[in-house]
Amino acid sequence: MRHLFLLSIITLLFSCKESQRVNSNELIVAGLQEPVEIIRDEWGINHIYAKNQHDLFFAQGYAAATDRLFQFEIWRRQATGTVAEILGERELKRDIGTRLFKFRGDMTAEMNHYHDEGVEIITAYTDGVNAYIEEILKTPEQLPIEFKILDLKPQKWTPEVVISRHQGLLGNIGDELTIGRAVAKLGPEKTKDLFWLHPKEPDLNIDPKINANLLSDNILELYDAYRQTVKFKKEDNVSEYKNIDLEEEVLSVIEDKNDSLSIGSNNWVVKGELMADGNTYMANDPHRTIAVPSLRYMVHLVAPGWNVIGGGEPEIPGISIGHNEYGSWGLTVFRTDGEDLYVYELNPENHTQYKHNGAWVNMTQISETIKIKGKEDYLAQLNYTVHGPVTRIDKENNVAYAVRCAWLEPGGSPYLASLRMDQAKTWEEFREACNYSHIPGENMIWADKAGNIGWQAVGIAPIRGNFSGLVPVPGDGRYEWDGYLPIIEKPNDYNPAKGYLATANQNVTPENYTRWDAIGFSWSDPYRGNRVDEILSNRTKKLTMEDMKALQTDYLSIPARILVPMLKEYDFSDKAAEAKTKLNDWDYRLETSSVPAAIYVAWENQIKNMANYRFIPKEAKGIIKTLQMKRIMDWITKPDSHFGANPILGRDKFLKDAFIKAVSELETNLGSDMSQWHYGQAKNKHTYMEHALSHAVNDVTRSKLELGPLPRGGNAYTTGSTGGNLRQSSGASFRMIVNTGDWDAAIGTNGPGQSGNPDSPFYNNLFEPWAKDKYFPVYYSRNKIDSVAVGAKILRPLEW
């Protein structure tokens, strides 16, 4: 019965709106060359079978747009700088920033960077998107509810939308300005003390030619506006859907602003000699924003030369994490500094001229007309130096600022170079494909059915011969990049003796590496990576798929294992004394329903809050928002003058005070009954997914859009990462584990579902299983796929 119900819904999802219907499961779609079959399994994955490459990617675009049409339209507007056209003047700066940072190179070279036939693939993909848009606009009453709420209609795509960089993990320009501002207030040594910068010692001195006091200006306003999530207000809605009670706006996703370096990913590959079944395994769980719809979209692409399944961002053709019939691959961020802030002296007589190499140089200028809802069109003047887009011109001080972006080179569209990886047959072919992966900086891992494993760091990496890239520099010609490091020369490994390779955004650069002029200084905390290494290296038996699942969802906290034993030396009274006893014999796992987990996390959060208050100097408050956990832990485990004249006593008082505050806060929030202080509840750690329009619509509509709350375990420092806040906003919604000896044994998660349409059964069908750390099979063979199929469509060309 479940399959019959889903089949009826799928028929609606793939219903013929403007296309001519042939029969109940066939559609005529203009733009195809030959028929394409799309099988949908019960978890919502589309398995696309095409007879040629063009039709394969046409159908991928068509199917993805069917599932994610509103997400596609907002993406398109962000990518093209046309958000103000629907949301008004408040989005003008975003649109200016988008156009300022637009890729303006040769589109043919750009598309063919990602694949030798990139023009055909990307154009076919957008043609498929547009075919669905043409279809749905013939029956606009069938548009997803978001379009009705906003009185909006989707518009056509071009390849420029696909290659946009607006949503990528791009670089460190915000951190660079933060460090520069901190140096201006504190000096380089004190600033260095507050940041966990390694493995080499960076130069944080600001060139005396720069007036460091001016760094407090809003230098990156246009860049920041371009990168922000879209916000909606109730006045954006038609009256039928308006929220008449709430005034506030809401982010389209809830961002975790607390600790950006705690957001990351895990991946590992394990050789067959360590596995019970003798096969190599690949496991990957990228950690990004938790949102509805899911950031990732899963699909299976089959055509001559293609048989690849896995996940990627829905607006991008191909698969960025998954496997083909030869091998499997995954990714985590390898932090790569691809941005620099340049400061220019301006000609007092002409503020569009800047000094470079001893001469006044004219800025390049481009004019763009921006449409604004309810207002006259705005003519934006965009300025560029030899280094890149100008974000601020300070006429009063004769200074300008520009951002040099490695990602504005050809090939800077995030994840799109995965198209080459999708067809790799060997480690050598996969590594060659890695040469084209410019953005983001990543740890790419590979495991194949022949038993090989490999790791290659990727990402376009500027070579800086005479500066660190961590503070702004003059744009006068003395601080230039010496080209880019060939990607193949970034850190890598192949079939190591230990039998596995693992990364988790921590520094994994070997000590004997030599190209430090292209390696950065900022890395994630090491705790997730250390835990993975701990499990994979300390084996008492051979590993299984169950072990891989347990590690991806492992909630053991290494910081807890360090901190909790310190409590044994401290005396408490009243509620704090009772809370301390709850931690006796605790296994340091942040599981749902665990009272010790709740007590510990409240304590850890207080430690961080008190450290930020105590150790960030007054002059830097508001500049440095938070200290990295590893830095705080170093001070705690090896107390020094940060804790006063008697470091050990000072440290002990600090930890005791934090514990007492944590217990008091728990009592206030959860009541006096300590048995109710469990982790994983609506008032404590949980997941609750708000839709982009949640706060702007009435309660009836809102109930259709939102999901949760459901309990969650873990935190930002556990391998099963669930972010640093109590309402999870980051972590792994998408996971894959692949057994290269049995492709049908692959498993995955993708909460809350494949579809972004609230009326679809695939909008939230994966939400509860994901929240409970349950996996579903990711079938690859046709017979397995047919056994779980709930819908099938044949797309036929117009002239068939």
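Start with the second largest pocket: select L222, Q381, N383, T391 and I393, which lie nearest its centre among the 18 residues that line it. The model is predicted.

Next, colour the elements that give two or more residues to this lining: α5 (92-100), α12 (221-227), β15 (350-356), β18 (378-384) and β19 (390-394). Keep β18 highlighted, as the largest share of the lining, 5 residues, comes from this strand. If you colour the lining by class, you will find 8 nonpolar, 6 polar and 4 charged residues. The volume of the second largest pocket is about 410 Å³.

Move on to a pair of helices. Select α18 (residues 574-582) and α21 (residues 647-670), whose axes come within 9 Å and cross at roughly 95°. An angle from 65 to 115 degrees counts as roughly perpendicular, so α18 is roughly perpendicular to α21.

Which residues make the contact between α18 and α21? On the α18 side, show K575, A576, A579 and K580; on the α21 side, show F659, I660, V663 and E667. By class, this contact has 5 nonpolar and 3 charged residues, with no polar ones.

The last stop is a salt bridge. Select D554 and R589, whose side chains meet at 3.2 Å, N to O. Where in the chain do D554 and R589 sit? D554 is in the loop between α16 (545-552) and α17 (558-563), while R589 is in the loop between α18 and α19 (595-615). The pair links distant parts of the chain, 35 residues apart. To continue from here, display the salt bridges of the whole model, for which the count comes to 48.

How values were computed. Residues are numbered from 1 along each chain as its sequence is written. This is a predicted model: local features need pLDDT of at least 70, side-chain atom pairs count only at pLDDT 80 or more; totals for chains, interfaces and linings use all residues. Side-chain values use heavy atoms; hydrogens and water are left out. On a 1 Å grid over the protein atoms alone, a cavity is a set of points where a 1.4 Å probe fits but cannot get out, and a pocket is an open set with protein on both sides within 12 Å along at least five of seven lines; lining residues have an atom within 4 Å of a point. Grid points are joined across faces, edges and corners, and a volume is the space filled by probe spheres set on the points. Helices (H or I, at least four residues) and strands (E, at least two) are DSSP runs, numbered from the N terminus. Ala, Val, Leu, Ile, Met, Phe, Trp, Tyr, Cys and Pro count as nonpolar, Asp, Glu, Lys and Arg as charged, and the others, Gly among them, as polar. Axes are lines fitted to C-alpha atoms, for helices over the stretch in contact, and angles run from 0 to 180 degrees between N-to-C directions. Angles under 35 degrees count as roughly parallel, over 145 as roughly antiparallel, 65 to 115 as roughly perpendicular and the rest as oblique. Contact means heavy atoms within 4.5 Å. A salt bridge is a side-chain nitrogen of Lys or Arg within 4 Å of a carboxyl oxygen of Asp or Glu.
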